[in-house]
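Here is a note for a colleague who is opening this structure for the first time. The points below can be read in order, with the model alongside.

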Amino acid sequence: MTRIIDKVVLVTGASSGIGEATARELATAGARLFIGARRGDRLKALADELGETVAWRELDVTDGADFDAFVEAAEARFGRVDVLVNNAGVMPLSPLAALKRDEWKWMIDVNIHGVLNGIAAVLPCFVAQQTGHVINVASVAAHLVLPTAAVYCGTKHAVRAITEGLRQEHDEIRSTLISPGVTATELGSDITDPAVAAALKDWRRKSLTPDAIARTIRYAIEQPDGVDINEVIVRPTAADM
Ligand code: NDP
């Protein structure tokens, strides 16, 4: 296979949706991949299918020590780490008045602390090697606010700010924010409010398939080291939001 992307890329949330599609896209481009998520059975099946350039390890992004061990395992397997795709996320939407404090905390833990844990796990290595690339998957929710999505939007606005902060602090590290519009994945299967779950079905009538986001991630990685794609919003052409 022609190695179009001669890099070691780590992808979180690769057990479904955008992360899985990204693993498929980057494997086709020849990247060596280390993929993580909690559902190891799905990761194993994907790695078995994609071949020996793809390795996996179970990962809970909310656990900083687990993320450090994930990055160490990738270094042990492939000898280096070039790119981290912080893609794992959850979206249990609800109106604020429902007071679903546990779900607020869960979103903040996965969507914000998960991204920070990833940055902390790769930053010393990227600084030492004077090169590296952090790609954070945010959302159109990083650019707008909608009822029932206040906390989710808050987490994605935070990811946008953190990504820009990383860019400003590190000349040697590329930082990219990818903001998908509505995409047909398992996201939202954790919504416990029946009215919001029904609304999500309606939003999904106009949606991208996850390979559209995967191609955008590949595009950002493929640029020369001196070119940093900072922010991309990708929506279905007919999108309402
Ligand atoms: P999916 O639900 O299909 O994928 C989410 C992934 O995150 C799964 O692989 C899941 O794996 C993983 N994940 C969740 N919690 C954890 C955790 N604690 N530790 C490790 N992995 C975790 O949804 P998408 O593919 O759509 O979501 C990917 C990203 O795209 C998210 O950040 C989401 O916010 C963002 N996004 C999605 C949009 C959409 O419309 N689909 C629109 C805009 C942004 P597992 O359960 O095995 O741990």
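1. Helices (H or I, at least four residues) and strands (E, at least two) are DSSP runs, numbered from the N terminus. Contact means heavy atoms within 4.5 Å. Axes are lines fitted to C-alpha atoms, for helices over the stretch in contact, and angles run from 0 to 180 degrees between N-to-C directions. With those terms, helix α2 (residues 40–50) lies across β2 (32–37) and β3, and runs at about 175° to β3.

2. On the source: this is a predicted model, in which local features need pLDDT of at least 70, side-chain atom pairs count only at pLDDT 80 or more, and totals for chains, interfaces and linings use all residues. Residues are numbered from 1 along each chain as its sequence is written, and side-chain values use heavy atoms, with hydrogens and water left out.

3. The sheet. Two strands pair if DSSP finds at least two bridges between them. Seven strands form an open sheet in the order β3-β2-β1-β4-β5-β6-β7, and the pairing is parallel. At the edges are β3 (54–58) and β7 (231–234), each of which pairs on one side only. On average, neighbouring strands of this sheet are turned by 15° against each other, direction ignored.

4. Pairing around β5. Strand β4 (residues 83–86) runs parallel to β5 and is joined to it by four bridges; V83 stands opposite H133 in β5. Strand β5 (residues 132–137) also runs parallel to β6 (residues 173–180), with six bridges between these two strands. The bridge partner of V134 in β6 is S175.

5. Is β5 mostly covered or uncovered? Strand β5 is mostly covered, with six of its six residues buried; buried means under 20% relative accessible area, exposed over 50%, and partly exposed in between (1.4 Å probe, protein chains only). In a regular strand the side chains alternate between the two faces of the sheet. In β5, G132, V134 and N136 point one way, while H133, I135 and V137 point the other way.

6. A residue of β4. V85 is in strand β4 and is buried, because its relative accessible area is 0%. V85 touches V9, L10, V11, T12, I135, V137 and I217, not counting residues up to four places away in sequence. The C-alpha atoms of V85 and E231 are 14 Å apart in space, and the two residues are 146 apart in sequence.

7. Helices α1 and α2. Helix α1 (residues 17–28) packs with α2 at an angle of about 15°, the axes being 11 Å apart. The two helices are therefore roughly parallel to each other; angles under 35 degrees count as roughly parallel, over 145 as roughly antiparallel, 65 to 115 as roughly perpendicular and the rest as oblique. From α1 the contact takes E20, A23, R24 and A27, and from α2 it takes L46, E49 and L50. These residues divide into four nonpolar, no polar and three charged. For these classes, Ala, Val, Leu, Ile, Met, Phe, Trp, Tyr, Cys and Pro count as nonpolar, Asp, Glu, Lys and Arg as charged, and the others, Gly among them, as polar.

8. Helices α4 and α5. The axes of α4 and α5 come within 8 Å and cross at roughly 15°, which makes α4 roughly parallel to α5. Residues of α4 in the contact include W104, M107 and I108, and those of α5 include V151, Y152 and T155. By class, this contact has 14 nonpolar, two polar and one charged residues.

9. Backbone points to check. Most residues other than glycine have a negative phi, and most peptide bonds are trans. Q130, in the loop between α4 (101–129) and β5, has a positive phi of about 60° although it is not a glycine. Q130 counts as exposed because its relative accessibility is 52%. T148, in the loop between β5 and α5 (150–169), has a positive phi near 75° and is likewise not a glycine. At 23% relative accessibility, T148 counts as partly exposed.

10. Two further residues. R218 is found in helix α7 (residues 210–222) and is buried, because its relative accessible area is 18%. R218 touches I4, I5, E25, L26 and A29, not counting residues up to four places away in sequence. A238 lies in the segment after β7 and is partly exposed, because its relative accessible area is 48%. The C-alpha atoms of A238 and S207 are separated by 8.7 Å, with the residues 31 apart along the chain.
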